[in-house]
There are 2 protein chains.
Amino acid sequence: MRIGELAELAGTSTRTLRYYESRGLLSSTRAPNGYRTYDEDDLRLLRQIRTLQDFGFELEETRPFVECLRAGHPAGDACPASLAVYRRKLAELDGLIGRLADVRDQVARQLADAERAAGPEAVPRCESTP
Amino acid sequence: MRIGELAELAGTSTRTLRYYESRGLLSSTRAPNGYRTYDEDDLRLLRQIRTLQDFGFELEETRPFVECLRAGHPAGDACPASLAVYRRKLAELDGLIGRLADVRDQVARQLADAERAAGPEAVPRCESTP
DNA sequence: CTATTCCCTGACGCGGGCGTCAAGGCAAGG
DNA sequence: CCTTGCCTTGACGCCCGCGTCAGGGAATAG
């Protein structure tokens with residue numbers, strides 16, 4: 001298949017596919033006229049990349065998964081390097097979520113304090129003053 | 001005080017202060033030699049900005065707080081516009097944390113599945129095989 | 001006088017993942 | 001032949017909060 005079809009199948013753009021190729025993540029054979037040609041394996045590879053991207057993985061972090069698939073494994077996460085990325089990402093996410101939760105609570109407290117200071121009359125709880 | 005001193009007091013850089021000024025967030029008077037001059041009010045204003053920045057607020061989102069302080073209020077969050085930003089940010093944080101938690105769980109599941117598929121022998125639970 | 005240390009403005013760089021335009025080639029239909 | 005629609009490479013733009021360099025002036029100590 002050609003680049004436009006692959007892009008549509010993966011729900012992305014041709015620009016993105018060329019970008020992945022420039023990063024060495026996606027490969028393509030060329031038709032005599034210079035057009036990129038892809039097969040089902042490329043689609044699976046691309047889907048793997050997109051899934052991880054949707055998880056918030058950086059492109060570089062998808063590389064072990066890609067290489068794992070290229071090595072012939074049925075799943076991109078069948079290799080130790082991919083598992084290592086999973087684990088790093090889990091730790092990263094836990095840290096990030098924890099920090100965000102802290103921030104959330106601090107903001108909530110700031111808001112509550114500021115609302116109290118501003119006077120409770122400005123914060124109608126229900127239809128108490130119709 | 002001059003820009004270097006203010007920067008150090010606020011734990012930031014002179015570049016940052018000039019940047020804030022270019023964004024219209026921080027103001028300064030000028031000494032006859034052209035040097036920026038600041039007072040305690042500017043320091044408080046700057047601290048307000050930095051606190052919000054540390055929370056992950058974008059610079060533009062600190063503007064209501066800055067204007068509130070400039071209007072003479074003792075706290076930057078004493079104005080309705082600031083409270084509105086707090087509320088938006090809370091909702092944003094809740095949404096983000098929720099999505100990240102979802103991703104975290106999906107990654108954890110992927111990891112667990114991949115570990116099972118790879119074979120449990122590669123995942124020593126304790127010192128079971130010394 | 002010089003050396004040091006502050007300060008000034010202006011401008012480019014960076015990271016990440018593309019979007020988007022430019023300028024053209026190739027294939028197929030009418 | 002022309003048009004349409006796909007494809008090619010190359011290159012600039014964007015976001016955002018600065019870092020960092022270039023090329024100067026100003027104040028102070030020795």
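## Salt bridges, a chain interface and a DNA strand

In chain A, a salt bridge joins the side chains of A:Lys89 and A:Glu92, with 2.9 Å from N to O. Keep in mind as you look that this is a predicted model. Both A:Lys89 and A:Glu92 sit in helix H5 (residues 80–118) of chain A, 3 residues apart, which is about one turn of the helix. Their surroundings are worth a look too. A:Lys89 counts as buried because its relative accessibility is 7%, under the 20% limit. A:Glu92, at 41% relative accessibility, counts as partly exposed.

Now move to chain B. Here B:Asp41 and B:Arg44 form a salt bridge, and their closest N and O atoms are 2.8 Å apart. Both residues lie in helix H3 of chain B, again 3 residues apart, or about one turn of the helix. B:Asp41 is partly exposed, with a relative accessible area of 43%. Another salt bridge in this chain joins the side chains of B:Glu61 and B:Arg88, at 3.7 Å from N to O. B:Glu61 is in helix H4 (residues 59–70) of chain B while B:Arg88 is in helix H5 (residues 80–118) of chain B, so this pair ties together parts that are 27 residues apart in sequence. B:Glu61 is buried, with a relative accessible area of 9%, whereas B:Arg88 is partly exposed at 46% relative accessibility. Over all chains, the structure holds 22 salt bridges.

While you are in chain B, find B:Gln53 in helix H3 (residues 40–54). Its relative accessibility of 25% makes B:Gln53 partly exposed. Setting aside neighbours within four places in sequence, B:Gln53 is in contact with B:Tyr20, B:Glu58 and B:Leu59.

Next, see how the two chains meet. On each side there are 22 residues in contact with the other chain. The area buried between chain B and chain A is about 2400 Å², and carbon and sulfur atoms give 78% of that area. B:Phe55, B:Arg104 and B:Val107 supply 23% of the area that chain B buries against chain A, more than any other three residues. Charges take part as well, with 4 salt bridges between chain B and chain A. One pair to look for is A:Arg104 with B:Asp94, a salt bridge whose closest N and O atoms are 2.8 Å apart. On the side of chain B that touches chain A, the residues divide into 15 nonpolar, 2 polar and 5 charged.

Finally, turn to the DNA. You can find phosphate oxygens of DNA strand C 2.7 Å from an N or O atom in the side chain of A:Ser13, 3.0 Å from a polar backbone atom of A:Leu59, and 2.6 Å from a polar side-chain atom of B:Arg18. Helix H2 of chain A gives the most to the surface near DNA strand C, with 4 residues. By class, this surface has 6 nonpolar, 6 polar and 8 charged residues.

Note on methods:
Residues numbered from 1 in each chain as written. Chains lettered and ligands numbered in written order. Predicted model: local features only at pLDDT ≥ 70, side-chain atom pairs only at ≥ 80, totals over all residues. Heavy atoms only, no water. Contact = heavy atoms within 4.5 Å. Buried area = accessible area lost by both parts, 1.4 Å probe. Nonpolar A, V, L, I, M, F, W, Y, C, P; charged D, E, K, R; others polar. Polar contact = N/O pair within 3.5 Å; in protein donor to acceptor, adjacent residues only side chain to side chain. Helix = DSSP H or I, 4+ residues; strand = E, 2+ residues; numbered from the N terminus. Buried < 20%, exposed > 50% of the residue type's maximum accessible area, 1.4 Å probe, protein only.
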